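Hello,

Here is the structure we talked about handing over. Please load it before reading on.

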Amino acid sequence: MDNCIFCKIAKKEIPKEFIYEDEDVMVFPDIHPVKPIHLLVVPKKHIVDLLDLDEPLLLEKLHNTLKIVIREKNLSELGYRTVINGGGAQEVPHLHIHLMGPIQPAQTL
Ligand code: AMP
Ligand code: ZN
């Protein structure tokens with residue numbers, strides 16, 4: 001997608017330090033973090049939102065990447081939250097999973 005900021009990051013047209021990267025998935029810090037750790041887990045392919053995702057292998061890859069980063073950042077101890085916005089709720093219309101922490105049990109959305 002020509003005008004998509006996450007596609008530009010995937011194609012390295014915009015420099016970005018990745019926390020994790022493979023051929024299909026990239027992870028980088030959110031530019032406006034709402035928690036001390038706030039990462040975005042993003043497929044490199046342009047997929048708008050969950051309704052647009054029809055590749056089980058890519059879903060599995062996103063899940064595996066989440067597991068790697070959750071463990072690496074010790075979020076399994078600190079507490080974490082994942083959020084996927086869709087439809088009109090998205091600021092960036094390229095599928096991404098917010099991974100945030102630390103999160104305490106009593107904290108509300
Ligand atoms: P959403 O509302 O779920 O689409 O969230 C998009 C997120 O992307 C927001 O939290 C933004 O702060 C973040 N964001 C937008 N542009 C960039 C960028 N260039 N690098 C990192 N994060 C970004
Ligand atoms: Zn895109």
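Below are notes on the ligand site and on the aromatic pairs.

Please keep in mind that this is a predicted model.

Ligand site

Ligand 1 sits in the largest pocket. There are 17 residues around ligand 1. Asp-30, Asn-85, Glu-91, His-96 and His-98 come nearest. By class, that shell holds 9 nonpolar, 5 polar and 3 charged residues.

Which elements supply at least two residues of the shell each? Helix H1 (5-10) and strand E2 (25-29) do. H1 gives the most, with 3 residues.

- Asp-30: an N or O atom of its side chain is 2.5 Å from an oxygen atom of ligand 1.
- His-96: the distance from a side-chain N or O atom to an oxygen atom of ligand 1 is 2.8 Å.
- His-98: a polar side-chain atom lies 2.8 Å from an oxygen atom of ligand 1.

How much of ligand 1 does the protein cover? On its own, ligand 1 has 510 Å² of accessible area, and the protein covers 89% of that.

Aromatic pairs

The whole structure was searched, and 2 aromatic pairs turned up. One of them is Phe-6 with Phe-28. Their ring centres are 5.5 Å apart and their planes stand at 80°. Angles over 60 degrees count as edge-to-face, so this pair is edge-to-face.

Where do the two rings lie? Phe-6 is in helix H1 and Phe-28 is in strand E2. The pair therefore ties together parts that are 22 residues apart in sequence. Helix H1 and strand E2 also contribute to the shell around ligand 1.

Best wishes

Conventions. Residues are numbered from 1 along each chain as its sequence is written. Chains are lettered from A and ligands numbered from 1 in the order in which they are written. This is a predicted model: local features need pLDDT of at least 70, side-chain atom pairs count only at pLDDT 80 or more; totals for chains, interfaces and linings use all residues. Side-chain values use heavy atoms; hydrogens and water are left out. A residue is near a molecule or strand if one of its heavy atoms lies within 4 Å of it. A polar contact is a pair of N or O atoms within 3.5 Å; within protein, one must be able to donate a hydrogen and the other to accept it, and residues adjacent in sequence count only if both atoms are side-chain atoms. Accessible areas come from the Shrake-Rupley method with a 1.4 Å probe; for residues, only the protein chains shown count as cover. On a 1 Å grid over the protein atoms alone, a cavity is a set of points where a 1.4 Å probe fits but cannot get out, and a pocket is an open set with protein on both sides within 12 Å along at least five of seven lines; lining residues have an atom within 4 Å of a point. A molecule sits in a cavity or pocket if more than half of its atoms lie within 2 Å of its grid points. Helices (H or I, at least four residues) and strands (E, at least two) are DSSP runs, numbered from the N terminus. Ala, Val, Leu, Ile, Met, Phe, Trp, Tyr, Cys and Pro count as nonpolar, Asp, Glu, Lys and Arg as charged, and the others, Gly among them, as polar. Rings of Phe, Tyr and Trp (its six-membered ring) pair if their centres lie within 6.5 Å; planes under 30 degrees apart count as stacked, over 60 as edge-to-face and the rest as tilted.
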